[in-house]
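This briefing describes the architecture and the side-chain interactions of one protein model. Please read it beside the sequence and the coordinates.

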Amino acid sequence: MDTSHRPAPVRRNARVTAALVLTLALTGCGVRLETPPPSEPSLTAVEAARRAAVTDVLDVRATVLAAQDGAEGRPADILEAVLAATDVHEAQLGGVYDSGLVGVDGSPAPLPTGTASGTDAAAAVEILAQAASRARSGLETVEDPGFARLTGSIAVANLVAARTLAASADVEAPATEFPAVATVPTALEDVPVTDLVALVLAEDSTGYMLEVLASRLSGPQRSAALARATTHRTRADAWAHAAGLAGTTDDPRRVAYSLPAGITADTPDTALIGAAEVALTTDLVTLLAVVPAASRAATLDLAADSWAAALTWGAQQVPLPGMPEHAPAQG
């Protein structure tokens, strides 16, 4: 991850020693120290955004820790996974900002640890939803494309965790900035055409895979597969039109695609759909660092939708969806 804008760690001991040396020198000269204590250094926009993101992580952690007391079953498992994810999120964001300032007694200023907003699953749902919404709202003003990708991935993880926890704990679904239906952005200036071709192909081939799978299923599973197939086919067409590929020789869509053997097996392997949705999540989260800032929120909405679908079809939960370079090692 690009850490060029991350606040440099401060060596507190060195700063304290320098202050003591200066004090002794001035005292020896008969100069009385009347100057105010040093103030916190000014932060760049990227540093301020990073610190705000870390604050959200700390608050999520504090609230989840409080909600774990008495939690059982599936809600307890979700809370444990969210708690583990906060460690990854904090580390990738660069950790808690440390200005290096000391108090009047020379002791280091205490670092923030987060504030719990409640002690139950409903509070955890709410704080996760709020953190996801704040990240989405801030994407348009983020200056660092890599940071936009990272915070977008964290937002996806938090949003889907909030919705999953709400359903399992039987609490009200969270209100967020995310729309009920994700739509394909139309502002795609400077996005490499190769990225858009790959995305159109991924959406359309996933739709085809789901159509074939649906023909081998029955009941609610068949209906779910058909509905999802329609979603992907529609998005493929929207991406093709937004990219100017529709109706041209560069349009990569085909009548049929080669399929994994597991889809056409006597007992279809539905986890392959989860893998396809994971791949789409990666494409979309990666695109957050490429699309114009005004299109990041819509791209994030699509990534969150694909990640939720991936988990429904059996994908493995990870702390940073769409960032496979940070996926946990497989044992």
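**Overall fold**

Among contacts in the protein between residues at least 6 apart in sequence, 79% join residues at least 24 apart, a contact being heavy atoms within 4.5 Å. The model is predicted: local features need pLDDT of at least 70 and side-chain atom pairs count only at pLDDT 80 or more, whereas totals for chains, interfaces and linings use all residues. Residues are numbered from 1 along each chain as its sequence is written, and side-chain values use heavy atoms, with hydrogens and water left out.

- The protein contains 9 helices and 0 strands; helices (H or I, at least four residues) and strands (E, at least two) are DSSP runs, numbered from the N terminus.
- From the N terminus on, the order of elements is α-α-α-α-α-α-α-α-α.
- Of the 331 residues, 42% count as buried, where buried means under 20% relative accessible area, exposed over 50% and partly exposed in between (1.4 Å probe, protein chains only).
- The accessible surface of the protein is about 16,500 Å², and 55% of it belongs to carbon and sulfur atoms; these areas come from the Shrake-Rupley method with a 1.4 Å probe, and for residues only the protein chains shown count as cover.

**Helix α3**

- Helix α3 covers residues 73-93, and its 21 residues should span 30 Å at 1.5 Å a residue; the end C-alpha atoms are 31 Å apart, which agrees. The expected span is 1.5 Å times one less than the number of residues.
- The buried residues of α3 include Ile78, Leu79, Val82, Leu83, Thr86, His89, Glu90 and Leu93.
- An α-helix has 3.6 residues a turn, so residues three or four places apart point the same way.
- Among the elements that cover the buried residues of α3 are α2 (45-68), α4 (121-138) and α5 (145-169).
- Just after α3, Gly94 adopts a positive phi of about 100 degrees.

**Salt bridges**

- The whole structure holds 12 salt bridges, each defined by a side-chain nitrogen of Lys or Arg within 4 Å of a carboxyl oxygen of Asp or Glu.
- Side chains of opposite charge can pair when their charged atoms come close.
- Arg233 forms a salt bridge with Glu211, with 2.8 Å between the closest N and O atoms. Arg233 lies in helix α7 (residues 219-242) and Glu211 in helix α6 (residues 193-214), so the pair ties together parts that are 22 residues apart in sequence.
- Both partners are partly exposed: the relative accessible area is 22% for Arg233 and 31% for Glu211.
- Arg253 forms a salt bridge with Asp237, the closest N and O atoms being 2.9 Å apart. This pair links the loop between α7 and α8 (271-287), where Arg253 lies, to Asp237 in helix α7, 16 residues apart.
- Arg253 also meets Asp251 in a salt bridge of 2.6 Å, N to O.
- Arg253 is partly exposed at 26%, as is Asp237 at 31%, while Asp251 counts as buried at 17%.
- A network of salt bridges links Arg228, Arg235, Glu277 and Asp305.

**Contact with an aromatic ring**

- The charged end of Arg136 sits over the ring of Phe178, 5.6 Å from the ring centre. The criterion is NZ of Lys or CZ of Arg within 6 Å of the ring centre and within 35 degrees of the ring normal.
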